[in-house]
Amino acid sequence: MPVQLLAPRLILSGGGAVSEVASVLAGLGLSRPLIVTDPWMASSGTVDRVLAPLRAAGIAADVFHETVPDPTDTVVEAGVQAFRAGDYDCLIGFGGGSPMDTAKAIAILAAAPEGVHIRALKVPAQANKGAVPVVCIPTTAGTGSEATKFTVITDTANDEKMLISGLGALPLAAIVDHHLTWTVPARTVADTGVDSLTHALEAFVSRRANPMSDDYARLAMRLIAPNLRRAYADARRGGNGPRDEEAREAMMRGAMLAGMAFSNASVALVHGMSRPIGAHFHVPHGLSNAMLLPAVTRFGLESALPRYAEAARVMGVAGEGDDDATAGRKLVEELQALNRELGVPSPAAHGIPAERWDGLLDTMAAQALASGSPANNPRVPDASEIVALYREAYA
């Protein structure tokens with residue numbers, strides 16, 4: 001069967017790559033960017049990492065810096081207004097997953113007829129049109145949004161994280177510079193790192209996996225698994241002593257490759273269950289993934305044991321001589337150990353009240369199923385099984 005592969009037209013990767021942003025735009029015939037970022041990136045001056053090389057090349061750029069964690073429909077609408085107020089030929093998403101996802105959503109909504117709400121474009125709709133190209137510059141090694149056809153936007157009226165998918169969300173170019181991660185807090189390094197590992201693992205066991213997405217997933221797991229703890233330790237040192245450049249570069253490249261893997265194979269049950277946690281309790285996306293990953297992996301293990309076992313071997317947590325059952329068990333044990341070592345709390349330890357959690361279980365299960373992601377899981381759950389998994393993960 002033919003296999004379709006979607007990826008940015010251009011990827012520039014390596015330390016200091018952000019300084020080449022003007023030449024990347026020029027090579028794509030672009031010259032009038034609107035930069036989409038967050039308030040901290042603007043107030044701290046970090047956005048100057050993009051603005052300075054643009055100014056040096058004679059390119060004037062405006063900045064929309066109103067993005068929020070778990071980007072919302074209202075912020076996207078404000079971004080569309082800012083976009084339409086100028087004469088821009090591209091958007092630059094600069095920051096973590098939220099600014100990049102916001103930039104993608106602005107491009108998609110700006111291409112829709114006026115008055116359309118972005119919820120009309122959520123899955124199963126295909127958002128294949130963007131008003132202008134998007135260039136993504138990630139500052140965290142996590143979401144892989146710089147290389148995917150997805151954006152996730154919260155519907156504030158319904159407390160629902162909406163998955164939006166299509167060619168309109170696929171960046172034209174990505175600039176992947178691990179030096180931009182130097183100032184990221186250790187907690188964020190841990191959470192985004194587990195997010196990228198989840199992307200790779202879920203893409204690999206997805207019912208929609210294909211030979212090319214498998215190649216990306218294997219490469220990503222080989223890079224992320226041995227380097228996540230090192231990158232976390234480097235972040236905790238906070239620049240005291242030499243940087244672990246090798247680990248940071250591996251994590252940034254692994255996150256991008258994991259994004260390419262799941263963009264072409266889709267994520268599965270972890271992400272389906274994670275989005276409602278973020279929408280209702282405002283838990284960072286990577287952290288909610290980490291909370292769920294061991295339990296959900298154990299749930300699906302026997303339904304795709306050879307795939308999970310291969311993943312364990314690729315990650316280096318099981319040996320070539322281990323049979324599949326042993327390798328699968330070692331994978332679950334490794335995910336549990338990783339959470340302990342990275343200080344990942346349970347929802348209870350994170351401070352989510354039990355009565356509120358229990359009261360939203362049926363709603364979260366319904367929203368998880370409606371996203372479509374659980375249908376890609378090796379073992380496809382019903383609502384009652386998702387509720388049981390939420391209960392298992394809580395404590």
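Colleague: Which elements each supply at least two residues of the lining of the largest cavity?

Modeller: This model is predicted: local features need pLDDT of at least 70, side-chain atom pairs count only at pLDDT 80 or more, and totals for chains, interfaces and linings use all residues. Residues are numbered from 1 along each chain as its sequence is written, and side-chain values use heavy atoms, without hydrogens and water. On a 1 Å grid over the protein atoms alone, a cavity is a set of points where a 1.4 Å probe fits but cannot get out, and lining residues have an atom within 4 Å of a point. Among helices (H or I, at least four residues) and strands (E, at least two), both DSSP runs numbered from the N terminus, the answer is α6 (186-205) and α9.

Colleague: How much space lies in the largest cavity?

Modeller: Its lining includes T140, A141, R248 and M251. That lining divides into 5 nonpolar, 3 polar and 1 charged; Ala, Val, Leu, Ile, Met, Phe, Trp, Tyr, Cys and Pro count as nonpolar, Asp, Glu, Lys and Arg as charged, and the others, Gly among them, as polar. Grid points are joined across faces, edges and corners, and the space filled by probe spheres set on them is the volume. Here it is about 80 Å³.

Colleague: What is the volume of the second largest cavity?

Modeller: L201, Y308 and N377 are among the residues that line it. Here α6 and α11 (285-300) each supply at least two residues. The volume is about 40 Å³.

Colleague: Which element gives the most to the lining of the largest pocket?

Modeller: A pocket is an open set with protein on both sides within 12 Å along at least five of seven lines. The largest pocket holds about 1100 Å³ of space. Of its 44 lining residues, G96, G97, S98, T143 and T192 lie nearest the centre. With 5 residues, the element that gives the most is α6.

Colleague: Which elements give two or more residues to the lining of the second largest pocket?

Modeller: This pocket has a volume of about 260 Å³. It is lined by 14 residues, with M291, P294, Q336, N339 and A393 nearest its centre. The elements are α11, α13 (324-341) and α16 (383-394).

Colleague: What radius of gyration does the protein have?

Modeller: The C-alpha trace spans about 60 × 50 × 50 Å along its principal axes. The radius is taken over C-alpha atoms, and the globule rule is 2.2 Å times the number of residues to the power 0.38. For 395 residues a compact globule would have a value near 21 Å, so the protein agrees, with 20 Å.
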